[in-house]
Amino acid sequence: MPLLSNGEIHNIFLKNTDGDSNRWMHKLFFSLRPLVISRTKNFKNYLHIEDLNQEFNLALWTAIKTFDCHRHFDFYRWANWHFSNASRNFKKKYRAFKSINLEDKAVEKQEIVVLTKQILSCKFL
């Protein structure tokens with residue numbers, strides 16, 4: 001399925017920004033899902049690819065909700081900025097999560113060393 005052109009997206013926004021319904025936003029979101037999938041494929045070496053995919057889905061939804069069609073800005077650039085921001089934030093979260101796990105493992109290692117020393121220092125009768 002080919003992606004919508006910037007002109008088509010601009011027309012969708014012009015037609016529907018006055019209405020209260022978010023139905024057109026949902027349709028636009030699902031028509032732009034291949035963009036999210038293609039961006040996620042760039043990070044195929046990550047262990048948490050599903051989490052990154054969700055971050056990109058949220059970034060696309062944010063891009064749709066915050067896009068101002070009256071500024072004559074390219075929607076795909078707007079969405080790519082949100083994707084870049086989401087990937088940057090995800091990398092920070094992932095590094096923080098990874099460092100916490102490493103610290104936990106270091107603490108566990110120290111505890112094992114202490115217990116091993118205690119066991120070895122005991123005299124068996």
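Mentor: Gladly! Helices (H or I, at least four residues) and strands (E, at least two) are DSSP runs, numbered from the N terminus. Here Ser31 belongs to helix 2 (residues 23–31). This is a predicted model, where local features need pLDDT of at least 70 and side-chain atom pairs count only at pLDDT 80 or more, while totals for chains, interfaces and linings use all residues. Residues are numbered from 1 along each chain as its sequence is written, and side-chain values use heavy atoms, leaving out hydrogens and water.

Trainee: Is Ser31 buried or exposed?

Mentor: Buried means under 20% relative accessible area, exposed over 50%, partly exposed in between (1.4 Å probe, protein chains only). Ser31 has 12%, so Ser31 is buried.

Trainee: Which residues of helix 3 are buried?

Mentor: In helix 3 (residues 33–41) they are Leu35, Val36, Arg39 and Thr40. Viewed down the helix axis, these buried residues fall within an arc of 135°, so they line one face of helix 3. The arc is taken from the directions from the helix axis to the C-beta atoms. In general, an α-helix has 3.6 residues a turn, so residues three or four places apart point the same way.

Trainee: How many aromatic pairs are there?

Mentor: Rings of Phe, Tyr and Trp (its six-membered ring) pair if their centres lie within 6.5 Å; planes under 30 degrees apart are stacked, over 60 edge-to-face, and the rest tilted. The structure has seven such pairs. One of them joins Phe67 and Phe75 edge-to-face, 5.1 Å centre to centre with 90° between the planes.
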